[in-house]
Amino acid sequence: PQGIGSPSVYHAVIVIFLEFFAWGLLTAPTLVVLHETFPKHTFLMNGLIQGVKGLLSFLSAPLIGALSDVWGRKSFLLLTVFFTCAPIPLMKISPWWYFAVISVSGVFAVTFSVVFAYVADITQEHERSMAYGLVSATFAASLVTSPAIGAYLGRAYGDSLVVVLATAIALLDICFILVAVPESLPEKMRPASWGAPISWEQADPFASLKKVGQDSIVLLICITVFLSYLPEAGQYSSFFLYLRQIMGFSSESVAAFIAVLGILSIIAQTIVLSLLMRSIGNKNTILLGLGFQILQLAWYGFGSEPWMMWAAGAVAAMSSITFPAVSALVSRTADADQQGVVQGMITGIRGLCNGLGPALYGFIFYIFHVELNELPMPESPSGGSVVAQYHLQQNSIIPGPPFLFGACSVLLALLVALFIPEHTNLNLRSSNWKKHCGSHGHPHSPQAPGEAKEPLLQDTNV
């Protein structure tokens with residue numbers, strides 16, 4: 001077998017770190033290039049680009065997952081990393097092509113799905129949560145450090161150096177996969193699977209969503225996830241651009257904001273989450289997280305000063321406990337042999353939100369004319385640019401309309417979540433699940449049917 005040593009979690013960790021470190025370096029340059037390329041409709045175009053990418057990822061993830069069961073993980077790790085990083089050198093060559101290729105690269109922007117399938121191949125069930133946690137923490141660590149490094153290098157040596165460095169790291173990642181990463185799918189499984197047919201159900205991105213209405217409790221959980229993650233997905237796509245262009249943050253301030261928010265989120269999702277789960281229970285932890293998310297989005301929406309954004313960012317870190325708590329509730333709600341099916345539904349809904357959220361936010365920004373018609377001027381003594389301060393005076397009542405829409409959406413999610421029972425009778429529910437849900441694992445997958453879609457859940461847990 002090609003590669004160095006036997007397959008391990010550390011191979012997956014290095015692949016993830018290098019890919020997202022390369023993209024993290026480009027955080028500040030991307031915001032500048034985006035505004036220079038689309039000066040009149042910055043937020044609308046950003047929403048469309050990220051929305052197309054998210055929808056393509058949602059549509060392609062099941063097919064790529066099924067094909068990796070047949071042809072092995074290594075080839076698809078190479079494919080996803082290559083196409084995800086392909087737009088990087090185009091930033092300085094042709095910005096228009098850069099954003100066009102980013103949109104199309106969504107077809108292959110599912111590295112996490114393949115990485116977690118890789119981890120699932122080489123770990124026992126009781127080791128898997130810790131292995132997923134290690135990969136997720138590596139992702140967070142890469143984004144805590146890289147935006148700040150990229151902003152510093154861009155200020156000191158220019159953005160061209162940052163693009164060259166990011167391209168070099170992406171090439172290093174590709175070479176690492178080619179040379180060092182061994183195939184994780186057992187050899188005895190692969191010869192039998194060559195040429196195995198891929199059913200439409202395996203490749204159908206809506207297959208998991210079709211089962212949502214078959215159980216009332218899971219339906220409530222799915223509605224809660226949709227209403228709470230839709231604004232979160234939109235916020236991730238546009239918030240750093242909003243800080244840079246509307247709130248007047250410098251590149252260094254945006255990088256520092258990402259770092260602080262990442263560190264606080266890691267603390268919230270580990271120490272704080274475990275304390276809350278033990279003290280107030282699963283459902284109340286979800287309700288508390290949704291409450292923090294409402295407060296955070298409302299604060300973003302009405303905030304007109306940089307310090308307000310920092311304060312709301314601390315609240316945003318606390319709101320990150322919601323999805324891990326939902327995942328735990330789902331795992332307790334479904335029967336043991338239906339974990340993959342139910343978790344696949346949640347993953348499908350979040351994947352759909354990754355496409356709809358950015359487009360919706362961009363459209364709302366466009367409707368409310370939240371745009372800048374020129375690049376930010378030098379910073380004023382108070383820390384915000386003159387252009388940004390003038391803009392906020394013109395729209396001082398609601399500086400960030402999409403964030404208020406998001407707060408209303410999460411409020412609906414909170415009301416729905418109130419009806420989710422804390423405890424359910426699994427014995428009564430298991431026959432229901434077995435009646436409606438068959439095994440959807442690939443016939444040649446090394447995982448058990450209930451684990452088939454488990455790695456995909458973790459894709460959005462990051």
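Predicted model: local features only at pLDDT ≥ 70, side-chain atom pairs only at ≥ 80, totals over all residues.
**Entry 1**

Residues are numbered from 1 along each chain as its sequence is written, and side-chain values use heavy atoms, with hydrogens and water left out.

I looked up the geometry next: the axes of helix 3 (residues 42–71) and helix 4 (residues 73–85) cross at roughly 140° and come within 7 Å. The axes are lines fitted to C-alpha atoms, for helices over the stretch in contact, and angles run from 0 to 180 degrees between N-to-C directions. Helix 3 brings Ile 64, Gly 65, Leu 67, Ser 68, Asp 69 and Trp 71 to the contact, and helix 4 brings Arg 73, Ser 75 and Phe 76 (contact means heavy atoms within 4.5 Å). I sorted these by class and got four nonpolar, three polar and two charged residues. Nonpolar covers Ala, Val, Leu, Ile, Met, Phe, Trp, Tyr, Cys and Pro, charged covers Asp, Glu, Lys and Arg, and the others, Gly among them, are polar.

**Entry 2: helices 13 and 15**

How do helix 13 and helix 15 lie to each other? They are roughly parallel: helix 13 (residues 251–279) packs on helix 15 (residues 306–319) at about 30°, with the axes 7 Å apart. The contact includes Phe 257, Leu 261 and Val 272 of helix 13, and Met 309 and Trp 310 of helix 15. By class I found 13 nonpolar, three polar and no charged residues here.

**Entry 3: Asn 282**

Is Asn 282 buried or exposed? Asn 282 has 2% relative accessibility, so it counts as buried (under 20% relative accessible area; exposed is over 50%, partly exposed in between, with a 1.4 Å probe and protein chains only). I found Asn 282 in helix 14 (residues 282–302). Its C-alpha atom is 7.9 Å from that of Val 326, 44 residues apart along the chain.

**Entry 4: the whole chain**

I counted 21 helices and zero strands; these are DSSP runs, numbered from the N terminus, with helices (H or I) of at least four residues and strands (E) of at least two. Of the 462 residues, 56% are buried. Among contacts with a separation of 6 or more, 85% join residues 24 or more positions apart.

Note on methods: Parallel < 35°, antiparallel > 145°, perpendicular 65-115°, else oblique.
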